[in-house]
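Please view the sequence and structure before reading on.

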Amino acid sequence: MLQFKLVLLGDSSVGKSSIVNRFVKDSFDEFRESTIGAAFLSQTVTIKDDDQDVTVKFEIWDTAGQERYKSLAPMYYRNSNAALVVYDITQADSLEKAQSWVHELKNKVDDNNLVIYLVGNKVDLTKDDEEKRVVDRDVAEKYAQENGLLFNEVSAKTGEGIQQIFQTIGENLYEV
Ligand code: GTP
Ligand code: MG
């Protein structure tokens with residue numbers, strides 16, 4: 001079994017804990033409390049390599065997005081193999097915050113194989129009301145391409161795209 005460390009970064013309330021909770025427990029909580037410090041969870045994905053099933057285990061650090069915890073983040077991303085940098089597609093400044101995390105990761109993490117996945121969360125909110133969207137999918141996708149990041153829009157609430165994030169990261173790391 002392969003084991004990788006994964007960290008989640010992003011502004012408070014973008015849905016980092018909700019994404020992890022969807023992936024690890026397949027559940028969602030409308031009134032989730034803001035994370036204090038950081039939380040640790042683990043979950044596996046199965047990757048197909050020809051006929052063989054390969055189990056990849058993720059050790060996940062879900063960091064706290066509130067500004068007062070910002071100085072703790074390096075402790076969690078330093079030895080990571082992958083980072084999910086999350087923003088909320090209904091909050092413009094959360095994309096700017098995500099971009100500053102990407103910048104910091106690229107400057108501070110030595111591992112050139114670090115897989116960075118930019119995640120636009122809460123896509124369910126635009127299903128009834130497209131006006132809720134303030135971050136263009138194309139703008140975020142272009143930024144991701146220019147910076148060599150994986151990218152998708154997801155919903156922790158409905159589960160749309162969540163499993164696929166971890167599946168894709170597992171496949172990317174397995175190739176390395
Ligand atoms: P910090 O721990 O403070 O950094 O926040 P966080 O990024 O972990 O956010 P959290 O997962 O606690 O979610 C914040 C709020 O957004 C909660 O009320 C969630 O229910 C809600 N939320 C999270 N993901 C989604 C989503 O995909 N859709 C909708 N509609 N709400 C979501
Ligand atoms: Mg949290």
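Predicted model: local features only at pLDDT ≥ 70, side-chain atom pairs only at ≥ 80, totals over all residues.

A backbone N or O atom of Thr35 lies 2.8 Å from an oxygen atom of ligand 1, and a polar side-chain atom of Asn121 lies 3.1 Å from a nitrogen atom of ligand 1.

## The surrounding shell

Ligand 1 is surrounded by 23 residues (a heavy atom within 4 Å), of which Ser12, Lys16, Ser18, Ser34 and Gly65 are the closest. By class, the shell holds 5 nonpolar, 10 polar and 8 charged residues, with Gly counted as polar and Asp, Glu, Lys and Arg as charged. Helix α1, residues 16-25, gives the most to this shell, with 3 residues (helices are DSSP runs of H or I, at least four residues).

## Confidence and conventions

The chain has an average pLDDT of 96, and 99% of the residues score at least 70; pLDDT is the predictor's confidence in each residue, from 0 to 100. For the complex, the predictor gives an ipTM of 0.99 and a pTM of 0.97.

Residues are numbered from 1 along each chain as its sequence is written, and chains are lettered from A and ligands numbered from 1 in the order in which they are written. Local features need pLDDT of at least 70, side-chain atom pairs count only at pLDDT 80 or more, and totals for chains, interfaces and linings use all residues, while side-chain values use heavy atoms, with hydrogens and water left out.

Methods:
Polar contact = N/O pair within 3.5 Å; in protein donor to acceptor, adjacent residues only side chain to side chain. Helix = DSSP H or I, 4+ residues; strand = E, 2+ residues; numbered from the N terminus.
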